[in-house]
Amino acid sequence: MLDWDGLRYFLEVARTQRVSAAALRLGVQHTTVSRRIQALERELNTRLFDKSKATGFTLTEEGTRFFAYAEQIEGTVIKAREEVSGQLQTLSGHLRVGSTEGFGSYVLAPLMMDFQRRYPALTLDIMPVPRFISLSKREADIAISLERPQRGPYLCTKLMDYSLKLYGSKTYLSQCSPITSKGHLANHDFIGYVEELLFSDRLRYLEDIVTTDRIVFKSTSVIAQYHALLQGRSLAILPCFMAEQDSRLTQVLNDDITITRSFWMYCHEDLRHSTRVMALWDYLKKSVQLNKALLQGKSGQLQYLHDDAL
């Protein structure tokens, strides 16, 4: 019989990737965590973690498979406790969400802080990165991506369509001739992505609007593009949920240039029984729906759910 405490220690190390961080969460010494992990690996007769100073404790292939079973056991225990006690226990533990860079920084981060306010016993990680999140490597519990996963044991939902528009700084636009047609764009410089380093074809849109010789500044980071645009020397296409929150920027050719893309949210199928994962899942789904106007460029204010909305 596997020791349940051993599974708890294993799950915390897998989620934090650090023995010291796991020990802090569990309220024990780091040497205790190390001993527990070593004992579990001996009991299973397999190595569950690769260990290095640079990356900490990362799951091996066997560890990744065992992680799925351990989370199912954890979810069953939590559900049983809730049903037997007759009331929902305060959510606790740790959650990690991976997301695209702009959405993660400008929408997801403030929403997750609001979620943590509601459930202070939870600790949250957010990974806003310009690449795809690997759930197969357990980089996150929930991923938000530009594309729906084509395969894998995932629970998936379309989060929301969002709009991108052409923007310029008010300072820049006040110094140049009015832009009233697409033909006028040939007189302006642009900011865009480094084409050969795009992680998704869904980010290809600027080439349909302007010739490449007018793109004078490129970055793999949409946040870097946003800050470059604020310098007042060029135009750029940005997600409305970023640009509309900054009064220094204004839309250009609003009726002629609107690009629509989608966000997809997904997690491992085995996490559908995790109370804390599903609580965050439902919160994000409702919060993003509430902010439809922001994502479509019709509002510049992020909205938060009322406390009784969940």
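Asp307 is exposed, with a relative accessible area of 54% (exposed means over 50%, buried under 20%, partly exposed in between, with a 1.4 Å probe and protein chains only). The model is predicted, so local features need pLDDT of at least 70 and side-chain atom pairs pLDDT 80 or more, while totals for chains, interfaces and linings use all residues. Residues are numbered from 1 along each chain as its sequence is written, and side-chain values use heavy atoms, without hydrogens and water.

Asp307 forms a salt bridge with Arg117, with the closest N and O atoms 2.9 Å apart (a salt bridge is a side-chain nitrogen of Lys or Arg within 4 Å of a carboxyl oxygen of Asp or Glu). Arg117 is partly exposed, at 45%. Shared partners join Asp114, Arg117, Arg118 and Asp307 into one network of salt bridges. The whole structure holds 15 salt bridges.

Another salt bridge pairs Asp125 with Arg96, at 3.0 Å between the closest N and O atoms. Asp125 lies in strand β4 and Arg96 in strand β3, 29 residues apart (strands are DSSP runs of E, at least two residues; helices are runs of H or I, at least four; both are numbered from the N terminus). Arg96 is buried, at 16%, whereas Asp125 is partly exposed, at 23%.

Helix α5 also meets helix α7. Their axes come within 8 Å and cross at roughly 70° (axes are lines fitted to C-alpha atoms, for helices over the stretch in contact; angles run from 0 to 180 degrees between N-to-C directions). The contact (heavy atoms within 4.5 Å) involves Glu101, Gly102, Ser105 and Tyr106 of α5 and Val222, Ile223 and Tyr226 of α7.
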